[in-house]
Amino acid sequence: MDIKDIQNLIKFVSKAEVSEVKYKTKDFEITIKTPLGGNDVSYMQQPAVYHTAPQPAASAPVSSAPAATTPADVAADDDSKFVTIKSPMIGTFYRKPSPDKDVFVNVGDEVSNGKVVCVIEAMKLFNQIESEISGKIVKILVDDATPVEYDQPLFLVDPS
């Protein structure tokens, strides 16, 4: 199953009146969950996709100390005026179309709706990710050639 098949399956499931679909072969398993079946799904919502693979379970330690406001928290509040470009898939994030080319965008660059901002490689396919908004790139949130998850923030854009 290639990435286009997975994307088509996601589109089909989001339009169908079901809340969950599991697809399994001997070496591949995918579960797609949508908001409650039968409800209208707005165009901004996308179904959650879960790929199951054997992974060791790790539990995070729970802290009972109250959270203190840090400079990072204040910076996060400032980021609320920005729009986030998120990853539409799981894969490897690349800022360049190829190693010998220039990056698609840098901090301070203007982007418009439909402009390619990065490439995500998934299952040997290089998918160009386009901006869905116009504005100025404020921050690049992912390092080049690193893995990204579905819906992971990639860029912060100032739409003003």
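Rings of Phe, Tyr and Trp (its six-membered ring) pair if their centres lie within 6.5 Å; planes under 30 degrees apart count as stacked, over 60 as edge-to-face and the rest as tilted. By this rule, two aromatic pairs are found. The model is predicted: local features need pLDDT of at least 70, side-chain atom pairs count only at pLDDT 80 or more, and totals for chains, interfaces and linings use all residues. Residues are numbered from 1 along each chain as its sequence is written, and side-chain values use heavy atoms, with hydrogens and water left out.

Phe93 sits in strand β5 (residues 91–94) and Phe155 in strand β11 (residues 153–158), 62 residues apart. Strands (E, at least two residues) and helices (H or I, at least four) are DSSP runs, numbered from the N terminus. Both Phe93 and Phe155 are buried. Buried means under 20% relative accessible area, exposed over 50%, and partly exposed in between (1.4 Å probe, protein chains only).

Another pair joins Tyr94 and Phe126. The centres are 6.1 Å apart and the planes at 45°, so this pair is tilted. Tyr94 lies in strand β5 and Phe126 in strand β8 (residues 125–130), 32 residues apart. Tyr94 is partly exposed, at 25% relative accessible area. Phe126 is exposed, at 55%.

The protein chain holds two helices and eleven strands. From the N terminus, the order is α-β-β-β-α-β-β-β-β-β-β-β-β. Of the 160 residues in the chain, 26% are buried.
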